[in-house]
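I opened my notebook to look up how this structure is put together. My entries follow, one topic at a time.

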Amino acid sequence: MNASDIEIINRCLGGEVDAFGTLIERYKRAIFNTAFRMMGNREEAEDISQEAFIRIYNSLSRYNPEYKFMTWALKITTNLCLDNLRKRKAETVPIDDGFELKDGKDTPEEEYIRKENQLRVQKAINQLPDKYKEFLILFHHQNLSYQEIMDITGESLTIVKNRLYRARQMLKETLMHSEKEDDAYAVQGNK
Amino acid sequence: MQCRETNDLIMKYFDHDISELEIEMLLKHNEKCPGCALEFDAMKEALSALEELPLLEVPEGFEAKVLESIRMRDAAVNHAQSLVFWLIGILGLIIFACNMMSFVIIPYIRDSGILLIAQNVIIYAVTGVLELLREALVTLSLSVGKLLILRNVLLRDYMDAVMMVVFAFVGMNLLLISKLKLQEDWEGLRNEF
C-alpha cells in the first residue's frame, strides 16, 4: 500500500494503469490547488490538473528519479497553467473564492470577513504578471524550497530570489491598494 | 543598521532563512524606523493571507476521470498502432509478391519453356476453334441447300399427286355421266318397242 513513487512508476511503465491511481491520490491536492491559485478558477483548475496528470502518465518514462516526483509533477502543471494564462490573456474569467473549509469555529460575520479577505488575495494574485505569480504560489502556498522552485522553473537561484522579491512587493502593493479602495468605498458609503 | 540592510533581512525573514539575532536586529530597527516597520507589517499581512489560503478539496471522481482519459488514449493509440502494423504487413506482402514474380516465377517460366508451350497450346486451341466454326458454317449452308431441294421435290410430287386425283375425279365423273346416258338411251329404246 505504501509503495514508493518510483515503484509505482515502474508498475505504470509495466502497463498497470490502475497503479497510476495511487500517484493521483498522493499528488492531486497539491496539483489541483496550485492550478487553482494560478488560474483563480475552479473549472479551469480541474481541466488543467487532469491534463497535467495525463501528460505525467505519458511522460513517465522520461521521469528522472534524481528529482522529487512532486517537483516534476508541479513543473508540468505550472507550465500548463502558464500556457493557458498566455492563451486567455484578453478574456476575463470569473474568480472563484475557493472558500470551502468550514471548521464551524467562526461566527457567520467572521466567516464572511475571512471569505472576503481570501477573495481579495486571490484577486491580487490574479493581477500579478504570470512569471511572478508562479514563484509566489510555489513558495508561499505550496511551501516549496528555493531548490525545488529552481528545479520546477528551470531558473537560476538569483532569478528565483529576484522574482520572489518582486512578486512579494507587487502583492503587498496590490493588497494595500485594494485595501485603500475598500476604505474609500466604506467612507463614501457612510457619508 | 541601514534601511537597505533591513530590506534584505525582511526578505530573509519571509524566506524562513533568518537567525534569531537577525530577527532581533530587524525588530530593533523597526522600532526606530516607521517606514521599515510599515513595510514589514504590510508584507507580513499580505504573505500570511496568501499562506493561509485554504487548500481546496479536489472534485469528486477526479481520479476516475483521469484514468478513463488515459485508458481511452491508450486504446486509441493501440488501435492506430495495430492499423499501422496491418498496413506495413500488407505492404510487405505486396513487395514480397512483386519480388517473387520478377525474380523467381517469371525467370523460371521463361527458362523452362512453359511460355512457348503455352503459346503453342493457345495457337493450337484457337486454330481448332476456328476450324470447328468454319466446318459448322459449311455444314449449315449445305444443309440449308439440301432442305431447299427437298422442299422443291416434295412440292413437285405433291402437285403430281393432286393432279392425278383431279384427273381421276374428272374421269370418274365422265364415266358416270356416260353410264347414265347409256341407261337413258336403253330405256328410251325399250319404250319405243
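**Entry 1: domains of chain B.** I began with the domain assignment of chain B, which gives domain 1 (3-54) and domain 2 (71-112). Such bounds come from an automatic or database domain assignment. I then looked up how far apart the two lie: the C-alpha centres of domain 1 and domain 2 of chain B are separated by 73 Å.

**Entry 2: ground rules.** I noted that this is a predicted model, where local features need pLDDT of at least 70, side-chain atom pairs count only at pLDDT 80 or more, and totals for chains, interfaces and linings use all residues. Residues are numbered from 1 along each chain as its sequence is written, chains are lettered from A and ligands numbered from 1 in the order in which they are written, and side-chain values use heavy atoms, with hydrogens and water left out.

**Entry 3: chain A.** I found eight helices and zero strands in chain A. Helices (H or I, at least four residues) and strands (E, at least two) are DSSP runs, numbered from the N terminus. Chain A has 191 residues, and 48% of them count as buried. Buried means under 20% relative accessible area, exposed over 50%, and partly exposed in between (1.4 Å probe, protein chains only). I also checked contacts (heavy atoms within 4.5 Å). Among those in chain A between residues at least 6 apart in sequence, 66% join residues at least 24 apart.

**Entry 4: where the chains meet.** I looked up the interface next. Here 32 residues of chain B are in contact with 42 residues of chain A. The area buried between the chains is about 3,800 Å², and carbon and sulfur atoms give 64% of it. Buried area is the accessible area (1.4 Å probe) that two parts lose on being put together, summed over both. Between chain B and chain A I noted seven salt bridges. A salt bridge is a side-chain nitrogen of Lys or Arg within 4 Å of a carboxyl oxygen of Asp or Glu. One salt bridge joins A:R29 and B:E57 (3.1 Å, N to O). Three elements of chain B each give two or more residues to the side that touches chain A: α1 (3-14), α3 (34-51) and α4 (62-112). Of these, α4(B) gives the most, with 10 residues.

**Entry 5: A:D18.** I found A:D18 in the loop between α1 (5-13) and α2 (19-39) of chain A. A:D18 counts as exposed because its relative accessibility is 53%. Leaving aside neighbours within four places in sequence, A:D18 is in contact with B:L67 and B:R71. The side chains of A:D18 and B:R71 are joined by a polar contact of 2.3 Å. A polar contact is a pair of N or O atoms within 3.5 Å; within protein, one must be able to donate a hydrogen and the other to accept it, and residues adjacent in sequence count only if both atoms are side-chain atoms.

**Entry 6: salt bridges within a chain.** I looked at A:K28 and A:E25, whose side chains meet in a salt bridge (3.5 Å, N to O). The two are separated by about one helical turn because they are three residues apart in helix α2 of chain A. A:K28 counts as buried at 16% relative accessibility, and A:E25 counts as partly exposed at 44%. A network of salt bridges links A:E25, A:K28 and B:E63.

B:E22 lies in helix α2 (residues 20-32) of chain B and B:K12 in helix α1 of chain B, 10 residues apart.
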